[in-house]
Amino acid sequence: EALKYLKASYEITPSAETLINMTVAYKANWEIDKVLECSLKALEINPNANIYDTLIFCYQQLCDDNKVNEYIHKGLEKNPDDLNVLFHRALHYMNNGQFEDGWKDWLSRESRRMHLSSMTKNFPTKLEWDGKSDPGRLLVIGEHGLGDQILFCRYFKGLSKRTLFLTRSSLFRLFQKSKFDLEFMFDERN
C-alpha cells in the first residue's frame, strides 16, 4: 500500500528521499532488483544520499563482491564512521574468511553501541566481559533474531557461575519450559 503512495509522490516530485523510502518498502518484500534500481536512481539525483549501506546489501544478496567492495569504499570515503557501512563490511569480511578484520567492524555495530551505552549508564561499575575468565555473573543481551537467540542460548551454560539472558518477551513460554541452566529476563518492549 505504501508503495502506491510513494510512486505517486515520486511522479509528482522526483526526489532521492522518496526513492530511499521506496527501497525500504521493496526490501521488506525482498524485491532486490527494485531496491537496487531505486538506490542507484537516488544516488544519481543526490550524490550525497545516504544509501551506500542499501547498495552494499543489494550487491551482497546478488553475490557481486566487486560492487560490494566498490560501495563499501565509496560509503566510507563519504563517512568513515558510518556504522551501517561498517556493519556490512564486517559481514563481507567474515563471509570471505577475513574473520579478524570482520570482527573489528562487527564490534562497532550500532546495536552493540546502544547496549554498551545503556549498560554504562545503568551499571557504571560493570565491565564488558573479555571472554577469558569467569566474571562470576554474566549478562547476555539477545540482540539478534528469535531463531538465533534460541539456537545460541544453549552455549551460555558454563560461561560463568551465574548467567542472565535478556531476551524478548515473546520467548517467555518457550524458555520457561526449557532445561537451560540460565536465568532469563524478558524485555517487554519487544
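A residue is called buried when its relative accessible area is under 20%, exposed when over 50%, and partly exposed in between, using a 1.4 Å probe and protein chains only. The model is predicted, so local features need pLDDT of at least 70 and side-chain atom pairs count only at pLDDT 80 or more, while totals for chains, interfaces and linings use all residues. Residues are numbered from 1 along each chain as its sequence is written, and side-chain values use heavy atoms, with hydrogens and water left out.

**Helix α2**
- The buried residues of α2 (residues 16-28) are A16, T18, L19, M22, T23, A25 and Y26, where helices are DSSP runs of H or I with at least four residues, numbered from the N terminus.
- These buried residues pack against α1 (2-12), α3 (32-45) and α4, contact meaning heavy atoms within 4.5 Å.
- After α2 comes W30, which has a positive phi near 55°.

**S39 in helix α3**
- S39, which lies in α3, counts as buried because its relative accessibility is 0%.
- Apart from neighbours within four places in sequence, S39 is in contact with T23, I51, T54 and L55.

**Helices α4 and α6**
- Helix α4 (residues 52-61) packs with helix α6 (residues 83-95) at an angle of about 20°, their axes being 8 Å apart; the axes are lines fitted to C-alpha atoms over the stretch in contact, and angles run from 0 to 180 degrees between N-to-C directions.
- The contact involves Y52, D53, I56, F57 and Q60 of α4, together with N84, V85, H88, L91 and H92 of α6.

Key. Helix = DSSP H or I, 4+ residues; strand = E, 2+ residues; numbered from the N terminus.
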